[in-house]
Amino acid sequence: LDALKTLIHLIKKSDLISFDLETTSITALEADIVGMSFSVKANEGYYIPIEYPEKDTHPGLSLDMVLKELKPILENHSNCFCGQNIKYDLIVFFHHGINLSSIEDTMLMSYVLDAGVNRHSMDELAGIHLNRQTIKFKDVVGSGKSQITFDKVKIEDALNYAAEDAEITFKLYLFLKK
């Protein structure tokens with residue numbers, strides 16, 4: 001809880017907040033929140049785990065507690081939030097009673113700038129604009145018959161993947177905004 005309070009304090013005083021939700025489904029209407037990642041500074045990313053395999057032996061925070069703490073920040077019009085394909089996160093948050101405001105979407109920014117030039121996935125944009133290879137989703141959850149949902153990903157792997165997503169999105173936003 002102390003780490004969450006520290007992160008919330010950091011987020012509150014930031015002008016730009018990058019975030020990403022980790023969920024159990026790629027379909028927003030069916031998705032349960034597994035965790036959330038944030039970045040407010042280049043080369044820094046944070047992950048709030050909600051559901052993970054080690055929860056029985058290492059209990060953490062409940063989704064209700066985390067959302068209660070974050071809701072005033074997420075709905076504050078003076079905060080600017082950026083995300084990759086943020087429409088998905090908006091739908092998931094909406095189903096939890098949170099109306100995110102002041103948003104920017106790096107995928108849409110890329111599309112407006114380079115509509116037919118390349119694909120607009122975060123991984124591809126990171127390679128093109130930041131010269132950075134990212135942790136791929138399939139490397140964390142697997143693929144095909146062996147694919148697992150994100151709530152089954154070990155917490156350390158989830159942290160590395162999710163925090164990188166938020167941090168890369170933060171950097172992409174700064175690059176594309178120029």
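This is a predicted model: local features need pLDDT of at least 70, side-chain atom pairs count only at pLDDT 80 or more; totals for chains, interfaces and linings use all residues.
## Strand S1 and its partners

S1 and S4 run parallel and are joined by three bridges. S1 also pairs with strand S2, here in the antiparallel sense and over six bridges.

Is S1, which spans residues 16-23, mostly covered or mostly open? Eight of its eight residues are buried, so the strand counts as mostly covered, given that buried means under 20% relative accessible area. The cover extends to both faces. One side carries Leu16, Ser18, Asp20 and Glu22, and the other carries Ile17, Phe19, Leu21 and Thr23.

## Helix H1 against helix H2

Helix H1 covers residues 2-12 and helix H2 covers residues 63-74. Their axes come within 11 Å and cross at roughly 10 degrees. The two helices are therefore roughly parallel to each other, because angles under 35 degrees are classed that way.

On the H1 side, the contact is made by Leu4, Lys5, Ile8, Ile11 and Lys12. On the H2 side, Val66, Glu69, Leu70 and Ile73 take part. Of the residues in this contact, six are nonpolar, three are charged and none is polar.

Which residues of H2 are buried? They are Leu63, Val66, Leu67, Leu70, Ile73 and Leu74. These residues cover an arc of only 115 degrees around the axis, and so they lie on the same side of H2.

The face of H2 turned away from the buried side carries Asp64, Lys68 and Pro72, which are exposed. The buried residues of H2 are covered by elements including H1, strand S2 (33-41), strand S3 (44-49), strand S4 (80-83) and helix H3 (86-94).

## The two sides of helix H3

In H3, the residues Ile86, Tyr88, Asp89, Val92 and Phe93 are buried. Seen down the helix axis, the buried residues of H3 fall within an arc of 150 degrees, so they line one face of the helix. Lys87 and Phe94, on the other side of H3, are exposed.

What covers the buried residues of H3? The cover includes the strands S1, S2 and S4, helix H2, and strand S5 (103-105). H3 in turn is among the elements that cover the buried residues of H2.

Methods
Residues are numbered from 1 along each chain as its sequence is written. Side-chain values use heavy atoms; hydrogens and water are left out. Axes are lines fitted to C-alpha atoms, for helices over the stretch in contact, and angles run from 0 to 180 degrees between N-to-C directions. Helices (H or I, at least four residues) and strands (E, at least two) are DSSP runs, numbered from the N terminus. Angles under 35 degrees count as roughly parallel, over 145 as roughly antiparallel, 65 to 115 as roughly perpendicular and the rest as oblique. Contact means heavy atoms within 4.5 Å. Ala, Val, Leu, Ile, Met, Phe, Trp, Tyr, Cys and Pro count as nonpolar, Asp, Glu, Lys and Arg as charged, and the others, Gly among them, as polar. Buried means under 20% relative accessible area, exposed over 50%, partly exposed in between (1.4 Å probe, protein chains only). The arc is that of the directions from the helix axis to the C-beta atoms. Two strands pair if DSSP finds at least two bridges between them.
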